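Here is a short report on helix packing and aromatic contacts. Please look over the sequence and the model first.

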Amino acid sequence: MTVLFWILGILAVPTAIFVLWLAWVFLKELFSPTPHDDTKAAQAAAELGLLPAERQNTELAAPLPKEWATALAAVRGGDWVPGAEVLTAIGRDWDRRSAFTALLAEIAAEEDTWLLAWEAARRDDPDAAGVRARSTVYLAWEIRGGKRAQYTTREQFDGFHRTLTAAREEIAKAAALNPDDPTPFVAEIWVALGLGYPNAEMDKLWAELTSRAPHHYEAHYAALQYWCAKWRGSQRLAVEFAERAAADAPLGSLLTALPLIAHFEHDESDTTAADNTPEMVARVDAALRDVAAADPSHPRLPELRHLLAFYLHLQDRNEAALEQFKLVDGHVNALPWRYRNDPAGYFCQVRDTVVQAVAEAAAANG
């Protein structure tokens, strides 16, 4: 009898393995799209004129205005004059000024010969001073690197803090040369975040900035990062800051992005339940109204469109999501994509899922 049990046991092992293999195949097919499904979705996206991952621009959230792109190309070639002319033409449009200053500063952080020539030709030019201050902040963050603190060396931290401290002097100079301009104070928010300004000191900086530009998009985005739990605040402080700013802002300022960003920065759930609460649906609806009222050429408008495409999809509002995807396709340097190792791949994965969902809904209703 014992021998019989042994024989039956031995025969049962292959059967059990086969059953487990069938279960694994079933679950894989159930929860993972097959290559055929992926191909079908990608083909449907291509038929709409949407671009594949390898053709997505990972440096920008949207195409630059032609005059900006031309000036930046000249700056990269060593000619600072077109960049200075763009800043002069922008004048007191603070959102555009900070956006273009940041683009110039990114170039200067890599190579600043052209900026040195500008500073030599126009001593105490407030625009050059603003670019210098912001470029030093960028340089500091490059020295630190993008890894978490436990993976960052003591040498990196020392260089980071030393360079941010130097940036404070440059920021003060730029602010003194053009007292009305909030752009230097925007740069200092990133210093506050990196050096760990106490909350009270951040409040003073924020008062200086908002007295000059109460609804400045980049300033609010940077300040929200400061108040996030991963930096100098908490989830509660970040959400309160975001909700207060959005409530006080006029339509078209795009600050309805802030509650969505605060949610994104602190959402650690594995499901979409938290994205489908009445509160989140209301936030998305408010952002849609904000986008509709905004200046179509606002330099930050595409960033909110990227967020809307993502959250509309999570709320199964795929037709509206596809509208936003069509408007931003081709550029992916925005939340939520840029936090991923492969932002273009993730963008296209979500976008193609939306395209397929819209096609299936149309077929079902047709």
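The model is a predicted one. Phenylalanine 264 has 18% relative accessibility and therefore counts as buried. The cut-off for buried is under 20%.

What is the geometry of the aromatic pair formed by phenylalanine 264 and tyrosine 339? The pair is tilted, with 40 degrees between the planes and 5.7 Å centre to centre. Distant parts of the chain are linked here, 75 residues apart. Phenylalanine 264 lies in helix α13 (residues 257–266), and tyrosine 339 in the loop between α16 (318–328) and α17 (343–365).

## The ring cluster

Ring pairs join Phe264 and Tyr339 into a cluster with Phe310, Tyr311, Phe325, Trp337, Tyr346 and Phe347. Arginine 340 places its charged end over the ring of tyrosine 346, 3.8 Å from the ring centre.

The structure holds 16 aromatic pairs. One of them is stacked: tryptophan 80 with tryptophan 118, at 5.7 Å centre to centre and 10 degrees between the planes. Tryptophan 80 sits in the loop between α3 (66–76) and α4, and tryptophan 118 in helix α6 (residues 113–121), 38 residues apart. Both tryptophans are buried.

## Helices α4 and α5

The axes of α4 (residues 81–90) and α5 (residues 94–110) come within 9 Å and cross at roughly 170 degrees. The two helices are therefore roughly antiparallel.

From α4, Gly83, Val86, Leu87 and Ile90 meet Arg96, Arg97, Phe100, Thr101 and Leu104 of α5. By class, this contact has five nonpolar, two polar and two charged residues.

Note on methods:
Residues numbered from 1 in each chain as written. Predicted model: local features only at pLDDT ≥ 70, side-chain atom pairs only at ≥ 80, totals over all residues. Heavy atoms only, no water. Axes fitted to C-alpha atoms, helices over the stretch in contact; angles between N-to-C directions. Helix = DSSP H or I, 4+ residues; strand = E, 2+ residues; numbered from the N terminus. Parallel < 35°, antiparallel > 145°, perpendicular 65-115°, else oblique. Contact = heavy atoms within 4.5 Å. Nonpolar A, V, L, I, M, F, W, Y, C, P; charged D, E, K, R; others polar. Phe/Tyr/Trp six-rings, centres within 6.5 Å; stacked < 30°, edge-to-face > 60°. Buried < 20%, exposed > 50% of the residue type's maximum accessible area, 1.4 Å probe, protein only. Lys NZ or Arg CZ within 6 Å of the ring centre and 35° of its normal.
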